[in-house]
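Here's a quick walk through one model, written for someone who likes to have the coordinates open alongside.

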Amino acid sequence: MAYDPNNVFARILRGEIPCKKVFENAHALAFHDIRPQAPVHVLVIPKKVIRTHADITPADAALIGHLHVVAAKAAADLGLADGYRVVVNSGDRGGQTVPHLHVHLLGG
Ligand code: 5GP
């Protein structure tokens, strides 16, 4: 399946759709999920186009690690010192609905 350049996270990255931003740098954006499944539900996405977890390559290793660094910082900043879940859904049969790689941070 090709990457849809108009998927909702691509549009958020382009500033066409607003988001409640938690963190942003040159490589990643973290923002609150619009339909939270927990008191804290943040999505961490790469700015690089990666459609799904299955598309990750060895060249992405540092970037994928960085997404987890961002998730850990967001967890600390949002008061999840007691613990949290980190989830990545991949592909149609893995529950992925938005075709731009994202890490769910769930806690509280
Ligand atoms: P997935 O099911 O692909 O793993 O997760 C996609 C997530 O994106 C869902 O939790 C959904 O609530 C969230 N989402 C979908 N559209 C928007 C949006 O426009 N803004 C934000 N902040 N989250 C969205």
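Predicted model: local features only at pLDDT ≥ 70, side-chain atom pairs only at ≥ 80, totals over all residues.

Let's start with helix 2, which covers residues 61-77, 17 residues in total. From first C-alpha to last it reaches 24 Å, close to the 24 Å expected at 1.5 Å a residue. Its buried residues are Leu63, Ile64, His66, Leu67, Val70, Ala71, Ala74 and Ala75. And what do the buried residues of helix 2 pack against? They pack against strand 1, strand 2, strand 3, strand 4 and strand 5. After the helix comes Gly79, with a positive phi near 80°.

Now for strand 2. With 4 of its 5 residues buried, strand 2 is largely enclosed by the rest of the structure. Here is how it pairs up:

| Strand pair | Sense | Bridges |
|---|---|---|
| Strand 1 and strand 2 | antiparallel | 3 bridges |
| Strand 2 and strand 3 | antiparallel | 5 bridges |

Strand 1 and strand 2 make a hairpin, with 3 residues between them. Glu24 has Leu29 of strand 2 as its bridge partner, while Ala30 sits opposite Val44 in strand 3.

Last stop: Glu16, in the loop between helix 1 (8-13) and strand 1 (21-24). Is Glu16 buried, partly exposed or exposed? Its relative accessibility is 42%, so Glu16 counts as partly exposed. The Glu16 side chain makes a polar contact with the side chain of Arg14, at 2.7 Å. Asn6 is 10 residues away from Glu16 in sequence, and their C-alpha atoms are 9.9 Å apart in space.

Key:
Residues numbered from 1 in each chain as written. Heavy atoms only, no water. Helix = DSSP H or I, 4+ residues; strand = E, 2+ residues; numbered from the N terminus. Buried < 20%, exposed > 50% of the residue type's maximum accessible area, 1.4 Å probe, protein only. Polar contact = N/O pair within 3.5 Å; in protein donor to acceptor, adjacent residues only side chain to side chain. Expected span 1.5 Å × (residues − 1). Contact = heavy atoms within 4.5 Å. Pairing = 2+ DSSP bridges.
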